[in-house]
Amino acid sequence: MKKFNTTKTSKLLALLLIATLSLSLLAGCGNSDASASNSAPNASNAASTESEEPVAVALDKDAFDALIASGIVADDADIAASAWASAVKEAGVLRVGGTRTSFLFSQLDETDDSLRGFDAGLYQLLARYILGDESKYELTQVDSSTRESVLQSDQVDVVFATYSITPARQEVISFAGPYYTSQQAVLVKAGNTEITGVDSLAGKIVATQAGSTGPDILAEFAPDAVVQEFETDAEARTALEQGRVDAYVTDYTLLLNAIVKNPGVYEIAGDVFGPEDNYGVGLPLDSDGVAFVNDFLQKLVDDGTWADLWQITLGDRTGIDTAPAAPVIQ
(Lines give C-alpha, C1' and ligand atoms only; values in the text may rest on other atoms or scores of the structure.)
Protein backbone atom coordinates (compact mmCIF):
# COMPACT_ATOMS: atom_id res chain seq x y z
CA MET A 1 0.00 0.00 0.00
CA LYS A 2 1.35 3.41 -0.89
CA LYS A 3 1.80 5.64 2.16
CA PHE A 4 1.78 9.43 2.20
CA ASN A 5 5.12 11.01 2.98
CA THR A 6 6.75 14.39 3.31
CA THR A 7 8.37 14.12 -0.11
CA LYS A 8 4.92 14.33 -1.67
CA THR A 9 4.07 17.29 0.54
CA SER A 10 7.20 19.07 -0.71
CA LYS A 11 6.18 18.27 -4.28
CA LEU A 12 2.76 19.79 -3.63
CA LEU A 13 4.21 22.99 -2.21
CA ALA A 14 6.59 23.25 -5.15
CA LEU A 15 3.75 22.85 -7.62
CA LEU A 16 1.68 25.50 -5.85
CA LEU A 17 4.64 27.90 -5.87
CA ILE A 18 5.19 27.34 -9.61
CA ALA A 19 1.49 27.90 -10.27
CA THR A 20 1.55 31.15 -8.28
CA LEU A 21 4.61 32.44 -10.12
CA SER A 22 3.00 31.56 -13.45
CA LEU A 23 -0.15 33.51 -12.55
CA SER A 24 1.98 36.49 -11.57
CA LEU A 25 3.80 36.44 -14.91
CA LEU A 26 0.53 36.23 -16.82
CA ALA A 27 -0.84 39.18 -14.85
CA GLY A 28 2.20 41.23 -15.86
CA CYS A 29 1.77 40.30 -19.55
CA GLY A 30 -1.88 41.35 -19.49
CA ASN A 31 -1.28 45.05 -18.74
CA SER A 32 -3.62 47.12 -20.91
CA ASP A 33 -1.58 50.35 -20.52
CA ALA A 34 0.59 50.56 -23.65
CA SER A 35 3.11 52.95 -22.15
CA ALA A 36 3.47 50.80 -19.05
CA SER A 37 4.01 47.66 -21.13
CA ASN A 38 6.96 49.28 -22.93
CA SER A 39 8.67 50.43 -19.73
CA ALA A 40 10.65 48.65 -17.06
CA PRO A 41 8.61 46.94 -14.32
CA ASN A 42 7.38 49.59 -11.89
CA ALA A 43 7.14 49.50 -8.12
CA SER A 44 3.37 49.12 -8.00
CA ASN A 45 3.44 46.06 -10.27
CA ALA A 46 6.16 44.52 -8.15
CA ALA A 47 4.24 45.19 -4.96
CA SER A 48 1.11 43.68 -6.47
CA THR A 49 3.01 40.55 -7.47
CA GLU A 50 4.60 40.22 -4.05
CA SER A 51 1.26 40.57 -2.27
CA GLU A 52 -0.52 37.88 -4.27
CA GLU A 53 -1.48 34.88 -2.14
CA PRO A 54 -0.97 31.34 -3.42
CA VAL A 55 -4.25 29.79 -4.51
CA ALA A 56 -5.25 26.32 -3.34
CA VAL A 57 -5.83 23.69 -6.01
CA ALA A 58 -9.58 23.58 -6.65
CA LEU A 59 -11.60 20.40 -6.76
CA ASP A 60 -12.99 19.51 -10.19
CA LYS A 61 -16.69 19.92 -9.40
CA ASP A 62 -17.94 18.56 -12.71
CA ALA A 63 -15.85 15.39 -12.42
CA PHE A 64 -16.95 14.89 -8.80
CA ASP A 65 -20.65 15.40 -9.55
CA ALA A 66 -20.53 13.11 -12.59
CA LEU A 67 -18.86 10.34 -10.61
CA ILE A 68 -21.44 10.49 -7.82
CA ALA A 69 -24.33 10.58 -10.28
CA SER A 70 -23.03 7.39 -11.92
CA GLY A 71 -22.89 5.46 -8.64
CA ILE A 72 -24.41 2.02 -8.28
CA VAL A 73 -27.88 1.40 -6.80
CA ALA A 74 -28.60 -1.55 -4.51
CA ASP A 75 -31.02 -4.32 -5.38
CA ASP A 76 -34.24 -4.40 -3.38
CA ALA A 77 -33.24 -7.81 -2.04
CA ASP A 78 -29.97 -6.45 -0.64
CA ILE A 79 -31.79 -3.67 1.17
CA ALA A 80 -34.50 -6.00 2.49
CA ALA A 81 -31.84 -8.28 3.96
CA SER A 82 -30.58 -5.46 6.23
CA ALA A 83 -32.74 -3.97 9.00
CA TRP A 84 -30.49 -0.90 9.06
CA ALA A 85 -30.74 -0.27 5.30
CA SER A 86 -34.48 -0.99 5.33
CA ALA A 87 -34.99 1.68 7.99
CA VAL A 88 -33.05 4.22 5.91
CA LYS A 89 -35.07 3.27 2.84
CA GLU A 90 -38.36 3.65 4.71
CA ALA A 91 -37.32 7.04 6.11
CA GLY A 92 -36.41 8.24 2.63
CA VAL A 93 -33.25 9.98 3.81
CA LEU A 94 -29.77 8.97 5.01
CA ARG A 95 -28.90 10.85 8.22
CA VAL A 96 -25.17 11.50 8.20
CA GLY A 97 -22.85 12.74 10.92
CA GLY A 98 -20.05 14.65 9.24
CA THR A 99 -18.39 18.00 8.72
CA ARG A 100 -18.70 20.94 6.36
CA THR A 101 -15.16 22.24 6.87
CA SER A 102 -12.79 19.39 6.02
CA PHE A 103 -11.17 20.84 2.91
CA LEU A 104 -10.29 17.56 1.21
CA PHE A 105 -12.90 15.32 2.79
CA SER A 106 -16.20 17.19 3.23
CA GLN A 107 -16.20 20.88 2.39
CA LEU A 108 -19.27 23.08 1.87
CA ASP A 109 -19.16 25.04 -1.38
CA GLU A 110 -21.24 28.12 -0.66
CA THR A 111 -21.53 28.98 -4.36
CA ASP A 112 -23.90 26.05 -4.93
CA ASP A 113 -24.55 24.85 -1.35
CA SER A 114 -22.99 21.47 -2.15
CA LEU A 115 -20.70 19.28 -0.07
CA ARG A 116 -17.74 17.69 -1.84
CA GLY A 117 -14.69 15.72 -0.81
CA PHE A 118 -13.67 12.11 -0.21
CA ASP A 119 -15.99 11.49 2.77
CA ALA A 120 -18.77 13.54 1.18
CA GLY A 121 -18.50 11.49 -1.99
CA LEU A 122 -18.78 8.24 -0.06
CA TYR A 123 -21.87 9.21 1.91
CA GLN A 124 -23.54 10.63 -1.18
CA LEU A 125 -22.77 7.40 -3.03
CA LEU A 126 -24.25 5.48 -0.08
CA ALA A 127 -27.41 7.61 -0.23
CA ARG A 128 -27.65 6.83 -3.93
CA TYR A 129 -26.98 3.14 -3.28
CA ILE A 130 -29.88 2.86 -0.81
CA LEU A 131 -32.33 5.51 -2.03
CA GLY A 132 -31.49 5.85 -5.72
CA ASP A 133 -30.72 9.57 -5.26
CA GLU A 134 -27.41 10.95 -4.02
CA SER A 135 -29.08 14.13 -2.74
CA LYS A 136 -31.26 12.31 -0.20
CA TYR A 137 -29.09 12.82 2.85
CA GLU A 138 -29.17 15.16 5.85
CA LEU A 139 -25.94 16.23 7.51
CA THR A 140 -25.52 16.75 11.24
CA GLN A 141 -22.23 18.46 11.98
CA VAL A 142 -19.98 16.58 14.38
CA ASP A 143 -16.52 17.00 15.84
CA SER A 144 -14.08 14.56 17.41
CA SER A 145 -15.91 14.66 20.75
CA THR A 146 -19.50 14.12 19.49
CA ARG A 147 -19.20 11.38 16.88
CA GLU A 148 -20.15 8.56 19.25
CA SER A 149 -22.96 10.44 20.97
CA VAL A 150 -24.91 11.22 17.78
CA LEU A 151 -24.96 7.51 16.97
CA GLN A 152 -25.84 6.45 20.48
CA SER A 153 -28.74 8.94 20.65
CA ASP A 154 -30.04 7.94 17.19
CA GLN A 155 -29.54 11.41 15.76
CA VAL A 156 -27.80 9.93 12.72
CA ASP A 157 -27.68 6.61 10.87
CA VAL A 158 -24.01 6.75 10.00
CA VAL A 159 -20.88 8.85 10.61
CA PHE A 160 -18.34 9.74 7.90
CA ALA A 161 -15.82 12.07 9.55
CA THR A 162 -12.23 10.85 9.09
CA TYR A 163 -13.18 8.59 11.97
CA SER A 164 -10.30 6.46 13.30
CA ILE A 165 -11.18 2.91 14.32
CA THR A 166 -10.05 2.29 17.92
CA PRO A 167 -10.84 -0.44 20.46
CA ALA A 168 -12.31 2.11 22.88
CA ARG A 169 -14.72 3.40 20.28
CA GLN A 170 -15.65 -0.12 19.25
CA GLU A 171 -16.99 -0.68 22.76
CA VAL A 172 -19.80 1.85 22.19
CA ILE A 173 -20.32 1.92 18.41
CA SER A 174 -19.56 -0.31 15.43
CA PHE A 175 -17.44 0.42 12.37
CA ALA A 176 -17.65 -0.57 8.73
CA GLY A 177 -14.46 -0.43 6.70
CA PRO A 178 -11.77 0.67 6.91
CA TYR A 179 -12.12 2.78 3.79
CA TYR A 180 -8.94 4.88 4.16
CA THR A 181 -5.58 4.65 5.94
CA SER A 182 -3.30 7.41 7.23
CA GLN A 183 -0.72 8.08 9.99
CA GLN A 184 0.22 10.94 12.33
CA ALA A 185 2.35 13.98 11.47
CA VAL A 186 3.72 17.18 12.99
CA LEU A 187 2.53 20.54 11.66
CA VAL A 188 4.60 23.69 12.23
CA LYS A 189 4.55 27.24 10.94
CA ALA A 190 6.29 27.67 7.59
CA GLY A 191 9.98 28.40 8.05
CA ASN A 192 10.29 26.62 11.39
CA THR A 193 13.68 24.86 11.37
CA GLU A 194 13.83 24.06 15.08
CA ILE A 195 11.28 21.26 14.99
CA THR A 196 12.32 18.52 12.58
CA GLY A 197 9.87 15.79 13.50
CA VAL A 198 8.31 13.95 16.39
CA ASP A 199 11.72 13.30 17.96
CA SER A 200 12.27 17.04 18.50
CA LEU A 201 9.05 17.74 20.45
CA ALA A 202 10.52 17.28 23.94
CA GLY A 203 9.78 20.41 25.97
CA LYS A 204 7.70 21.92 23.18
CA ILE A 205 4.08 22.99 23.56
CA VAL A 206 2.16 20.72 21.21
CA ALA A 207 -1.48 21.04 20.21
CA THR A 208 -3.76 18.14 19.45
CA GLN A 209 -7.52 17.56 19.30
CA ALA A 210 -9.48 16.49 22.37
CA GLY A 211 -11.29 13.22 21.78
CA SER A 212 -8.93 12.22 18.97
CA THR A 213 -6.13 9.66 18.99
CA GLY A 214 -3.62 12.52 19.26
CA PRO A 215 -3.16 12.60 23.06
CA ASP A 216 -2.40 8.87 23.25
CA ILE A 217 -0.07 9.07 20.25
CA LEU A 218 1.86 11.95 21.86
CA ALA A 219 2.06 10.12 25.19
CA GLU A 220 3.77 7.24 23.39
CA PHE A 221 5.95 8.98 20.81
CA ALA A 222 6.65 12.36 22.47
CA PRO A 223 6.24 11.77 26.23
CA ASP A 224 8.23 14.90 27.13
CA ALA A 225 6.07 17.26 25.06
CA VAL A 226 3.73 19.70 26.82
CA VAL A 227 0.36 18.76 25.36
CA GLN A 228 -2.54 21.18 24.96
CA GLU A 229 -5.87 19.79 23.77
CA PHE A 230 -8.26 21.82 21.61
CA GLU A 231 -11.84 21.03 20.67
CA THR A 232 -11.43 21.61 16.93
CA ASP A 233 -8.82 21.53 14.21
CA ALA A 234 -9.36 25.25 13.57
CA GLU A 235 -8.67 26.14 17.21
CA ALA A 236 -5.46 24.11 17.21
CA ARG A 237 -4.20 25.73 14.02
CA THR A 238 -5.10 29.21 15.29
CA ALA A 239 -3.01 28.55 18.39
CA LEU A 240 -0.13 27.50 16.14
CA GLU A 241 -0.43 30.60 13.96
CA GLN A 242 -0.50 32.85 17.03
CA GLY A 243 2.55 31.18 18.55
CA ARG A 244 0.67 29.87 21.60
CA VAL A 245 1.84 26.37 20.68
CA ASP A 246 4.98 25.24 18.86
CA ALA A 247 3.48 22.41 16.83
CA TYR A 248 0.25 20.56 16.12
CA VAL A 249 0.07 16.76 15.96
CA THR A 250 -2.84 14.94 14.40
CA ASP A 251 -3.69 12.76 11.43
CA TYR A 252 -1.48 13.49 8.40
CA THR A 253 -4.40 13.75 6.02
CA LEU A 254 -6.13 16.37 8.15
CA LEU A 255 -2.91 18.36 8.20
CA LEU A 256 -2.69 18.03 4.44
CA ASN A 257 -6.10 19.73 4.36
CA ALA A 258 -4.57 22.77 6.04
CA ILE A 259 -1.49 22.84 3.82
CA VAL A 260 -3.51 22.62 0.59
CA LYS A 261 -6.02 25.21 1.77
CA ASN A 262 -3.38 27.62 3.12
CA PRO A 263 -0.26 27.25 0.95
CA GLY A 264 2.81 28.88 2.42
CA VAL A 265 1.40 29.07 5.96
CA TYR A 266 2.31 25.64 7.35
CA GLU A 267 4.82 22.84 6.84
CA ILE A 268 5.04 19.19 7.82
CA ALA A 269 8.07 18.61 10.05
CA GLY A 270 9.75 15.29 9.41
CA ASP A 271 8.11 12.03 8.44
CA VAL A 272 4.74 10.53 9.29
CA PHE A 273 4.87 8.27 12.34
CA GLY A 274 2.92 6.00 14.58
CA PRO A 275 0.57 3.15 13.77
CA GLU A 276 -1.53 3.13 10.65
CA ASP A 277 -4.70 5.09 11.27
CA ASN A 278 -7.67 3.30 9.73
CA TYR A 279 -10.73 5.43 8.98
CA GLY A 280 -14.04 3.67 9.44
CA VAL A 281 -17.71 4.38 8.89
CA GLY A 282 -19.41 4.78 12.26
CA LEU A 283 -22.65 2.87 12.82
CA PRO A 284 -24.81 2.05 15.87
CA LEU A 285 -23.38 -0.67 18.09
CA ASP A 286 -23.99 -4.18 16.71
CA SER A 287 -25.94 -2.83 13.74
CA ASP A 288 -26.34 -5.12 10.74
CA GLY A 289 -25.56 -1.99 8.74
CA VAL A 290 -21.89 -2.91 9.14
CA ALA A 291 -22.19 -5.85 6.74
CA PHE A 292 -24.35 -3.78 4.37
CA VAL A 293 -21.92 -0.85 4.26
CA ASN A 294 -18.91 -3.17 3.94
CA ASP A 295 -20.54 -4.78 0.92
CA PHE A 296 -21.18 -1.31 -0.53
CA LEU A 297 -17.56 -0.23 0.04
CA GLN A 298 -16.21 -3.41 -1.53
CA LYS A 299 -18.29 -2.79 -4.64
CA LEU A 300 -16.82 0.71 -4.92
CA VAL A 301 -13.32 -0.72 -4.70
CA ASP A 302 -14.03 -3.48 -7.22
CA ASP A 303 -15.58 -1.23 -9.87
CA GLY A 304 -12.91 1.48 -9.59
CA THR A 305 -15.14 4.14 -8.03
CA TRP A 306 -13.05 4.29 -4.84
CA ALA A 307 -9.85 5.02 -6.80
CA ASP A 308 -11.60 7.54 -9.06
CA LEU A 309 -13.04 9.37 -6.06
CA TRP A 310 -9.65 9.40 -4.32
CA GLN A 311 -7.98 10.87 -7.41
CA ILE A 312 -10.55 13.64 -7.87
CA THR A 313 -10.71 14.69 -4.23
CA LEU A 314 -7.17 14.04 -3.01
CA GLY A 315 -4.72 12.99 -5.70
CA ASP A 316 -5.34 15.78 -8.21
CA ARG A 317 -5.21 18.37 -5.44
CA THR A 318 -2.08 17.17 -3.70
CA GLY A 319 0.10 16.34 -6.69
CA ILE A 320 -0.14 12.56 -6.26
CA ASP A 321 -0.64 10.89 -9.63
CA THR A 322 -1.69 7.39 -8.63
CA ALA A 323 -4.27 6.32 -6.07
CA PRO A 324 -2.95 4.03 -3.32
CA ALA A 325 -4.34 0.57 -2.87
CA ALA A 326 -7.59 0.66 -0.94
CA PRO A 327 -7.35 -0.79 2.58
CA VAL A 328 -8.68 -4.30 3.11
CA ILE A 329 -12.31 -4.03 4.22
CA GLN A 330 -12.91 -6.21 7.28
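The model is predicted, and local features need pLDDT of at least 70, side-chain atom pairs count only at pLDDT 80 or more, while totals for chains, interfaces and linings use all residues. Residues are numbered from 1 along each chain as its sequence is written, and side-chain values use heavy atoms, with hydrogens and water left out.

**Exercise 1. Helix α13**

Determine what span helix α13 should have, and state which of its residues are buried and what covers them.

Solution. Step 1: Helices (H or I, at least four residues) and strands (E, at least two) are DSSP runs, numbered from the N terminus. Step 2: The expected span of a helix is 1.5 Å times one less than its number of residues. Step 3: Buried means under 20% relative accessible area, exposed over 50%, and partly exposed in between (1.4 Å probe, protein chains only). The buried residues of α13 are G289, V290, F292, V293, N294, F296, L297 and L300. Step 4: With contact meaning heavy atoms within 4.5 Å, the elements that cover these buried residues include α5 (76-80), α6 (83-91), α7 (118-131), β7 (173-189), β11 (266-284) and α14 (305-318). Step 5: Just after the helix, G304 takes a positive phi of about 90 degrees.

**Exercise 2. Salt bridges**

Find how many salt bridges there are, and describe the pairs K299 with D78, D233 with R237, and D65 with R116.

Solution. Step 1: A salt bridge is a side-chain nitrogen of Lys or Arg within 4 Å of a carboxyl oxygen of Asp or Glu. By this rule there are twelve salt bridges. Step 2: K299 and D78 form one of them, at 3.7 Å from N to O. Since K299 lies in helix α13 and D78 in helix α5, the pair ties together parts that are 221 residues apart in sequence. K299 is partly exposed at 28% relative accessibility, and D78 is partly exposed at 27%. Step 3: D233 and R237 meet at 2.9 Å, N to O. Both lie in helix α11 (residues 233-241), four residues apart, about one turn of the helix. An α-helix has 3.6 residues a turn, so residues three or four places apart point the same way. R237 counts as buried because its relative accessible area is 15%. Step 4: In the pair of D65 and R116, the closest N and O atoms are 3.0 Å apart. This pair links distant parts of the chain, with D65 in helix α4 (residues 61-69) and R116 in strand β4 (residues 114-116), 51 residues apart. D65 is partly exposed at 35%, whereas R116 is buried at 8%. Step 5: A network of salt bridges links K61, D65, D109, D112 and R116.

**Exercise 3. Strand pairing**

Give the strand order of the open sheet of three strands, and identify which residue of β4 is the bridge partner of Q107.

Solution. Step 1: Two strands pair if DSSP finds at least two bridges between them. Step 2: The order is β2-β3-β4, with antiparallel pairing. β2 (101-102) and β4 each have a single partner strand, so one side of each is left without a neighbour in the sheet. Step 3: Three bridges join β3 (residues 106-109) to β4, and Q107 has R116 as its partner in β4.
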